[in-house]
Amino acid sequence: MIKKICLLLLSLIGIISLFAPWIVPNDPYLIDTTKRFFNPSWQYPLGTDHLGRCIFSRILIGMRYSVGSALIIQLISSGFSLAIATIVTFRQGITKKIFIRLWDILLSFPIIILAFALISVFGPGLRSVIIALVFAQTIYYSRIFHNAMISLSEMNYIKAARVSGTTGIKLLKTHFIPHILPTLYTLLSLDLGKVILEIAGFSFIGLGVQAPIPEWGMMIDEGKQYMRQYPALIIYPGISIFMIVLLLHQVGVKKHAN
Amino acid sequence: MQTDILLNIENLCINIGQEKVLKNICLQAKRGRILGIIGESGSGKSILCRAIMQQLPPSFQQTDGDILFNEYPLTKESTDIGTAITSILQNPMMAFDTIQTIEGHFFETIKAKYKMKPIQMRQLAERYLEKVQLYDTHRILKSYPFELSGGMLQRIMIALALISKPQLIIADEPTTALDMINQHNIVTLLKTLQSQEQLTILLITHDLGVIAALADDVAVIHNGEIVECADVYTCFDSPKHAYTKQLLEARL
Amino acid sequence: MKKTLWLFCLKRLASLPIILLGVSLLTFFLMRIVPIEPAEVILRLSGVTPTTESIRSLEKEMGLNLPLFEQYWLWLKDVLSLQFGTSFVSKLPVAEELLSKFPATVLLAISSFVLALTISVPSGIISALYPYSLINKFVRMLSIISVSLPTFWLGFMLIYIFSIQLNLFPTNGTGSLAHLILPTCTLAIPIIGLFTQTIQTAMTQELTKPYIDYAYQRGLSKKTIIMKHVLKHTLTPLLSLFGLTLGNLMAGAIVVEQVFSWPGVGRYLIESIINRDYPVIQSYVLIVATLYVCINLCTDILQRIFDPRIKESTYD
C-alpha cells in the first residue's frame, strides 16, 4: 500500500521535473531586489529569496538538477560497471589481476575522498561532480557485479548451458544478464537517494553546482546567512531533498523485499 | 514428602491457533525409572518436551492441563528448571555457543547454581567429564564446540546435565544426530549413569532400539495423543493399540 | 590462537605501505591528467592574466615542469620524512596547516561515533527484544527518516531550533563542550538510524538460534543470555561496519564543519580543491587513507579475537 503511494508520488515528481520549465509560475532566475523576502502568496507560492527570486520556481527547476543528475550518474555508472565486470570476469590474465588489485586499493578507504580529488582536477561545477561520482560509483558497483557474476558462473544451469554449447555473447545475453538485473535494479534504486544527497552536499560546500543554478544544496548554501530572520530560504529546499530521498528509500526497500 | 511420581502431566492440551497439537496428554515419570516416549516426526513429541521445559515457541499455547513436578506446577519462573530438571538436546553441534569454550559453558552452568572459585569449578568440570568417559579434560575444556565431534559434544551435554545433581533429566532425541557407533556408546553411557546415580529420565525418541535398550516404561505418542502406556515388556510383547503394533512390525 | 593473530597482524601491516603507495600514485596521477594547470589557476586567482611565459616561469618555480615521475618521487621523499610538501598557494609546508587542523576533525568524528554507539546499541537491543512494541515501530521509522535527511540541512535545523529559538547552544565555533554538542548530534543522527536498524535486524535473527534455548534449559538467566551471549554474537560481525563508518565520518565531517564553522580540515581542504593546491589534496588523501586502513585493521583484529571461527584463508 505504502509502496504504491510512494511509486505514484515519485512518478508524479518525475513528470513534474520533465515539464518544470513550462509549468513554473515565475522565472527562477529573475532577480528583482524590490521583491526580497516576500511571504508566500498566490503569485509566489513559497515566497521569494534574498534576490527576489521565486522560491517555488527555483525548487521546481532544482528538481531537474538534483534528480536528473543523480539518474544520469546511476545509469552511466551501471553501464560502465557492467562492462568492466564482464571483462574482468571473463578474461584471464593480467587485466583481471590489475583490476582486483585496483579494487582492493580503491575500496580500502572512503571513495568520497577520491571524488574530492577528481573535482579538484576539473574544477568546481556540476560536470565535475557528475564525473567524480560516476567514477566512485563505477568502482564500487563493478566489484559487486564481478562478485555476483563469479557466483552465477558457479551455478549449475550456467555450467549446463556451457556444456550444451552456448558461449560468448549469447551466453551472456540469455543467461547472465537476466540474473544480474535484479541486483542491478536494487543497487540503482537504493543508491539514488544517496547520490542525490551527495550532489546536494557538494553543492552546499561550493564544489558542485555554481550560482545561479537552483540546485537544492546550493540554495541552502545561499540562504544560510539569512537563517535568523528568514529560515524559509533553507527550510524549503531541505524539505524537498528530504522528501524525495525518503520516497526513494521507501520504494527501494520495498522492492528489495520483493 | 517424596512421592513415587516425580513428573505428573495431567490432561495437557496445546494448540497452535485453532489447531490442536497435543490432546489430553497424561503421563507419569516414576522416580528412578526411565520413561521412554516414542513417536514419529510430527507426532508432537518435541512440543511435549518444550512444554515441560516451559519453552513453548511464541505461537503455541497451553490451553488446558497441568505439568506437576514433585506435585508443584511448573512455570516459566520455576527455579527447578536447570537445577532439579536438566536436559540433553538433539543436535549438540547447534546447542552450544560457538564462540565460547567448553570451560566457559561449564563455568556459567555451575555459576547458575553454586558459588565456587574458578579452581573449584574447573575441578568439578573435570570430574564430570571423566564420568562421561572423556579423559582428555584439559584439552576439551580449552576447546571450542566446533573443534569437537558430535559424539563428544553429546557426552559433554550429559555431563552438564548431571552437574547440578538433578532429579529428572529430559533427553530429547539424544542419539538421533549421531552415527551408529556413537549411538551405541551414548546409550550404554546413559544406562550406566542411570544406575550409578539413580536418575529419573524422560527419554524422547523415534528409535525403537533405543527404547528397548534403555526404557523401563513406554508411552507411545501418535498425532498428539498418547495411544499406549505401559512398562516396556508389556508394551513390546502384547501391544494393545494398532499403531503400536504397526511400529513394532515396521522395525522387525 | 595467539600466534596466528600476530601473523595476521603482521601480514596486514606489511600490506599497508603497498596500499598507501597505490593510493598516493593514483591520486597523484589522477590529478595530473587534465590540461588545466595549477599554475594557470593561481595566476588567475591573483588577478594576473596568465601569459605563456608567466605560466612557464611559475611552473618552473613550483617544480611543475619536471617529468611526472620525478615530481612524484620528490613528493614521496618529502612524505617519508613526514614533510608532505609545500602548498602551491601559501608556499608554506603543508604539514603545519593540515596537521594542526586535523585533530579538530578527528575529535568531531570520534565524538559522533561514540554518541551513535551509545544510543543505537541499547535501542537496537530493546527493539529486538520487544518486536511488537512501540519502540520497535518508532525505531524503524526513525531509521528511515534519519538516513534520508541531508546532514547539513539537519545541522541548520538544529541550529535554528536549539540555538536561535531556544538559545541553548552557541551557533558556531569551538571552545567548549556546548560548542561540540550540536555538530556531534548532527553527524551522529544518520548513523544512529543506520546502526539501530542493523543491530535490531541482526539481533532478531540471532534470537532464533538454538543455543539460546539450551542456555535457558541450563538455568541461565535471561539477562545473562542476552548480555553475555547474544550481544557478542550480534555485535562481532558488525565490527567491520562500525570501522567503515568511523572512517567515513572523517570525510563526512567536512560538510558539517561548514555548517558550524568548526575549525577542522574542512574549510582548508575545500579551498585547496578550488585552488588546485595539489600537495594539500594529496596529503589529505594519504592521511585519511592511512587512518582508514588502521581503523579497519583494528576492527579486523577485534573480530578475530571475539570470533575464533574466522580462519586465515580469506583476505578480502
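**Figure 1. Surroundings of Ile196(A) in the predicted model.** Setting aside residues up to four places away in sequence, Ile196(A) touches Ser66(A), Val67(A), Ala70(A), Ile241(A), Ile244(A) and Val245(A). The model shown here and in the following figures is predicted. Ile196(A) belongs to the largest nonpolar core, which holds 186 residues. Together with Leu202(B) and Leu203(B), Ile196(A) touches the most other members of this core.

**Figure 2. Tyr65(A) and its contacts.** Tyr65(A) is part of helix H2 of chain A, which covers residues 55-90. Its C-beta atom has 22 C-beta neighbours inside 10 Å, and Tyr65(A) therefore counts as buried, the threshold being 20 or more. Beyond its neighbours within four places in sequence, Tyr65(A) is in contact with Val209(A), Ile213(A) and Glu215(A).

**Figure 3. Helix H4 of chain A.** H4(A) has 12 residues, which at 1.5 Å a residue should span 16 Å; the C-alpha atoms at its ends are 17 Å apart, in agreement with that expectation. The helix is mostly covered, with nine of its 12 residues buried. The buried residues of H4(A) are Ile112(A), Ile113(A), Leu114(A), Ala115(A), Phe116(A), Ala117(A), Leu118(A), Ile119(A) and Ser120(A). Just after the helix, Gly123(A) adopts a positive phi of about 80°.

**Figure 4. The contact between chains A and C.** Two pairs of chains are in contact, and chains A and C share the most contacts. Chain A contributes 36 residues to this contact and chain C contributes 35 residues. On the side of chain A that touches chain C, two or more residues come from each of helix H3 (94-106), helix H4 (111-122), helix H7 (168-204) and helix H9 (232-257) of chain A. H4(A) provides the largest share of that side, nine residues. By residue class, the side of chain A that touches chain C consists of 25 nonpolar, eight polar and three charged residues.

**Figure 5. The contact between chains B and C.** Here 21 residues of chain B are in contact with 17 residues of chain C. On the side of chain C that touches chain B, helix H9 (210-217) and helix H10 (222-235) of chain C each supply at least two residues. H9(C) gives the most to this side, with six residues. The side of chain C that touches chain B divides into seven nonpolar, five polar and five charged residues. Chain A and chain B, by comparison, are joined by no contact, and their closest C-alpha atoms lie 24 Å apart.

**Figure 6. Chain B as a whole.** The secondary structure of chain B comprises 10 helices and 10 strands. Its radius of gyration is 18 Å, close to the 18 Å given by the globule rule for 252 residues, so chain B is as compact as a globular protein of that length. Along the principal axes, the C-alpha atoms of chain B fill a box of roughly 55 × 40 × 35 Å. Of the 252 residues in chain B, 42% are buried. Among contacts in chain B with a separation of 6 or more, 68% involve residues 24 or more positions apart.

**Figure 7. The open antiparallel sheet of chain B.** Four strands of chain B form an open sheet in the order E2-E1-E4-E5, with antiparallel pairing. Strand E2 (19-30) and strand E5 (72-73) of chain B are the edge strands, each pairing on one side only. Two bridges join E5(B) to strand E4 (residues 60-69) of chain B, and these two strands run antiparallel. Tyr72(B), in E5(B), is the bridge partner of Phe69(B).

Figure 8. E6(B) runs parallel to strand E7 (residues 168-172) of chain B, to which four bridges join it. Within this pairing, Ser87(B) stands opposite Ile170(B) of E7(B).

Definitions and conventions: Residues are numbered from 1 along each chain as its sequence is written. Chains are lettered from A and ligands numbered from 1 in the order in which they are written. This is a predicted model: local features need pLDDT of at least 70, side-chain atom pairs count only at pLDDT 80 or more; totals for chains, interfaces and linings use all residues. The radius of gyration is taken over C-alpha atoms; the globule rule is 2.2 Å times the number of residues to the power 0.38. Two residues are in contact if their C-beta atoms, placed from the backbone, lie within 7 Å. Ala, Val, Leu, Ile, Met, Phe, Trp, Tyr, Cys and Pro count as nonpolar, Asp, Glu, Lys and Arg as charged, and the others, Gly among them, as polar. A nonpolar core is a set of buried Ala, Val, Leu, Ile, Met, Phe, Trp, Tyr and Cys residues joined through C-beta atoms within 7 Å. The expected span of a helix is 1.5 Å times one less than its number of residues. Two strands pair if DSSP finds at least two bridges between them.
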